[in-house]
Amino acid sequence: MKRMLFINLLTMFVIILSACSSTTNKSDTQQSTTPEKTDTTIAEKIEATAKPKVVSIGIVNSPTTLNQINHQGDSASQTVLGIINDSLLDLTESFEFVPKIAESIESTDNQTFTVKLNPNAKWNDNAPFTTADVAFTLKTALNPKVESTVRIAFVEGLDDAGKIPAGQTEISGLKIIDKQTFEVKSKTPIDPNIFKEKFGTNINFLPEHILKDINPEQLATDPYFQNPTVTIGAFKYSKFAKDQYFEAVRNENYYLDIAKLDKIIVKVLPATNLVAQLQTNEIQLNSLPVGLIPITDYETIKNLPNINLTSSTPSEPAELFFNVTKITDPKVRQAFAYAINRPLIVDQLFKGQADIIDGGVPINHPYYAKETKLYTYDPEKAKQLLQETNWDSQREVSLLVPSGNKLREQAADILVQNLIAVGVNVKIQKFDFSTLIGKVDSGDYDLTIFNRDYYFEPSLYLTLFQSNNENNFLKYNNPQVDALIAQGETETDPAKRLVIYNQLQAILHEDLPALAIYSEKRLQAVSKDIIEGKPANVGQFNNINKWDIKQ
Amino acid sequence: MLPYIVRRLLIAIPVLIGITILNFCIVNLAPGNPVDMFIDPNTPQQLVEAKKEMLGLNDPLIIQYFKWLWQLLQGGFGYSFSSFAPVTHIIGERIGPTLMLTSISLTLGLLIAIPIGILSAVKQNTRFDYIITGLSFIWTSMPQFFLGLGLIYLFALHFKILPTGGMLTIGGDDNFADRIKHLILPVSVLTIAIIGKKIRYVRASMLDVLKQDYLRTARAKGLHAFIVTNKHALRNALIPIITVFGMEIPLLLGGSIIIEQIFQWPGIGQLTMQSILSRDYPTLMGLNFIAAIIVLATNLFMDILYFVADPRVKYN
């Protein structure tokens, strides 16, 4: 007995010791960042004695990577990357471009775009940001041996996958004029907004002076990406503990107005704890789209005295996708649309915090087809259509639902009930996302439901329906749609594009390879202490240097 | 004893290899793969293929396995598919917090469950015994997530004396008191679950021994009741208790997945969940390997403890 007790005490002691040793590690890293601050002026010192201004933001999924050229489509990673990286331009919530690293982007022929950099632009270690960094970033990210999420296949000199062709090192469409000016030439004329979005807002840059000697094949595993201290942004990286938090401190060398906050912390916590921590002021705001407050907490959070609650602009909808090789008749798909009680889903499940739309383009998007007459909830009509098409009520229809998003799962449960009520034998199957995508890609499904990303560029909503797109898991094939998609991509006049996309959306609305179920207006909760700053679907951090909190 | 331990360690090697082969198959058989996570329909197919090639997913399974084994022999688990950080580094960061949480809970559980179990057995069919068996029944039946959320509601939201989760106050000063504060709730939940089950085992095991003749003899020769119970009886009751506590260790590592989710405890439970969902094969294999080592080590440790508790146990 004594011996066992001794062993237990010993293990406990060792563990407490190990916990202490990890603390010392942390203070080591803190020390390594302090030397840069030694030459602060007296005024700053006085300021430093005041309580630091810290804002904590709640998110529910942990960022996986801090690699600014390969965020792997992970929204949580993109969120934290946006705090420490500036792009050439940024987008506001109302879809306006604001200059960041670029002073101006101009084009006379919609094919050659001249980008002038802000002459003051510099990295947070004071090294100037020049066109050499732009060229280095593009050559690195578009190297076929480097995995990256930089997607600018429209630029001349890149292959169809958007990479530099094997055996070449230069990008013919990129011309460096001087240290502050460069030109990008596209393969064909494009809408300037596509250029501004894809090239201007989606690319973050690598510091050439830090990374120039790295072998591209080993880029991803380079320690820099675990610890990206040198970036260009209003804040700079300080600490990251996966599944716990990300911390960034003010960049004192920022080339625009220096940030008002001292520190931003992005905390990872379960959705159920978001409201609890807003209530206890452990976080001051949630984040979109990875810090969604469960709508079930709507009443609770509305009544919190320390929180201002608003609803965001409508977000990318959850869409019901049809495997058109299994459910071939558009009339059957229309019958499904009439059968689903979307008003109930919006009113009961979302407490009214959602819009009903039919297509994938959200309602406030500049290219939303306003003329569309929505499918109403009309079970009688659904039954009638099913009868006309001789639908076999015994036939089993599988609906694949990704698990994780509770509201989407509940919405799927409701729509299953609705479909059963009109005589469709639906079987629901829930899978984790990876499994679901595997099944969907191999065509092993009848119906599935999930959300796509938010795109500013309208063509991105529609390429899914292109017959020669390998990712067209719907197997939808309509030559007219293919032609219009191609036309829309090459048209540069926004007014003419609008006509094309309205036409496209009208055809898809009739043919119905996909039906939007709801477009959620996400809850934005902000502490009353916050003077400036709030969660947003688009351009959340475009003015992060102006964010402020009461002390 | 020593030759026995050496032999056991040698046997552990083929067992471990067998486990890694099984794990490798199971991990790879699970539907979906890391590259399928590319849901963006605008990702060109060439890039998806290039990524598969880069991650070595196009190789036959057996080649993939040997590549993994080769890395292991060189002392590493490779790089994570999602963060590209070395897997040893990722697991190294996480194993400390999990060990801290589980070992403190297990120790507390032992220290509480054994004396209470003994008392409950000695005072069988008294009011004390009824209360303890009743309580342990409630504690065993209560789901951990429910208890966890209940405690968060009570102590973090209502009384506001303890944090809702995490291992330390983020952005605050990192000090010992702060860590203890963060430990209280998760440790309580795990400990309650442990003592709930263990009291019943200890009590039952003691009751069996207390009926034995040699204890009557011990009492008859005038030994103090305290010595009879705690020296003669307890030692003999220990064998089954060691077994159930030993079984508890791997269970604790698995069970803490739920606790770590609720309390945002940055341990390997949370990491396991994340790597399953993102099909991060190298991290998963690393985690499985470590879990296998822990289970094997625990088994060996338990066998040694049997010997310590009861010298009549012979290993040949």
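Predicted model: local features only at pLDDT ≥ 70, side-chain atom pairs only at ≥ 80, totals over all residues.

User: What is the secondary structure of chain B?

Analyst: Chain B comes to 11 helices and 0 strands. Both are DSSP runs numbered from the N terminus: a helix is H or I with at least four residues, a strand is E with at least two. Along its principal axes, the C-alpha atoms of chain B fill a box of roughly 85 × 60 × 35 Å.

User: Why is Lys198(B) called buried?

Analyst: Buried means under 20% relative accessible area, exposed means over 50%, and partly exposed is in between (1.4 Å probe, protein chains only). Lys198(B) has 2% relative accessibility, so it counts as buried. You'll find Lys198(B) in helix H7 (residues 176-210) of chain B. With neighbours within four places in sequence left aside, Lys198(B) is in contact (heavy atoms within 4.5 Å) with Ala113(B), Val244(B), Phe245(B) and Glu248(B). Across chain B, buried residues make up 49% of the 316 residues.

User: What makes Ile357(A) buried, and where is it found?

Analyst: Its relative accessibility is 0%, so Ile357(A) counts as buried. It's found in the loop between E14 and helix H11 (379-388) of chain A. Among the residues in contact with Ile357(A), again leaving aside neighbours within four places in sequence, are Pro317(A), Arg342(A), Tyr368(A) and Ala516(A).

User: How do you know how much area chain B and chain A bury between them?

Analyst: Buried area is the accessible area (1.4 Å probe) that two parts lose on being put together, summed over both. For chain B and chain A that is about 5100 Å², 61% of it on carbon and sulfur atoms. The contact takes 52 residues from chain B and 58 residues from chain A.

User: Which polar pairs and salt bridges does the rule find between the two chains?

Analyst: There are 9 residue pairs in polar contact across the interface of chain B and chain A, both residues at pLDDT 80 or more. A polar contact is a pair of N or O atoms within 3.5 Å; within protein, one must be able to donate a hydrogen and the other to accept it, and residues adjacent in sequence count only if both atoms are side-chain atoms. The count of salt bridges between chain B and chain A is 3.

User: What makes Lys51(B) and Glu147(A) a salt bridge?

Analyst: The rule asks for a side-chain nitrogen of Lys or Arg within 4 Å of a carboxyl oxygen of Asp or Glu. The closest N and O atoms of Lys51(B) and Glu147(A) are 3.0 Å apart, and the two form a salt bridge. Lys51(B) lies in helix H2 of chain B and Glu147(A) in the loop between H4 and E6 of chain A, so the pair joins two chains. Lys51(B) is buried, and so is Glu147(A).

User: How exposed are Lys331(A) and Glu388(A)?

Analyst: Lys331(A) has a relative accessible area of 39%, so it is partly exposed. Glu388(A), at 44%, is partly exposed. Their side chains meet in a salt bridge (3.3 Å, N to O). The pair links distant parts of the chain, with Lys331(A) in helix H9 (residues 330-339) and Glu388(A) in helix H11 of chain A, 57 residues apart.

User: Why are Glu380(A) and Lys383(A) about one helical turn apart?

Analyst: Glu380(A) and Lys383(A) are 3 residues apart in helix H11 of chain A, so about one helical turn separates them. An α-helix has 3.6 residues a turn, so residues three or four places apart point the same way. The side chains of Glu380(A) and Lys383(A) meet in a salt bridge (3.7 Å, N to O). Glu380(A) counts as exposed at 54% relative accessibility, whereas Lys383(A) is partly exposed at 36%.

Technical notes: Residues numbered from 1 in each chain as written. Chains lettered and ligands numbered in written order. Heavy atoms only, no water.
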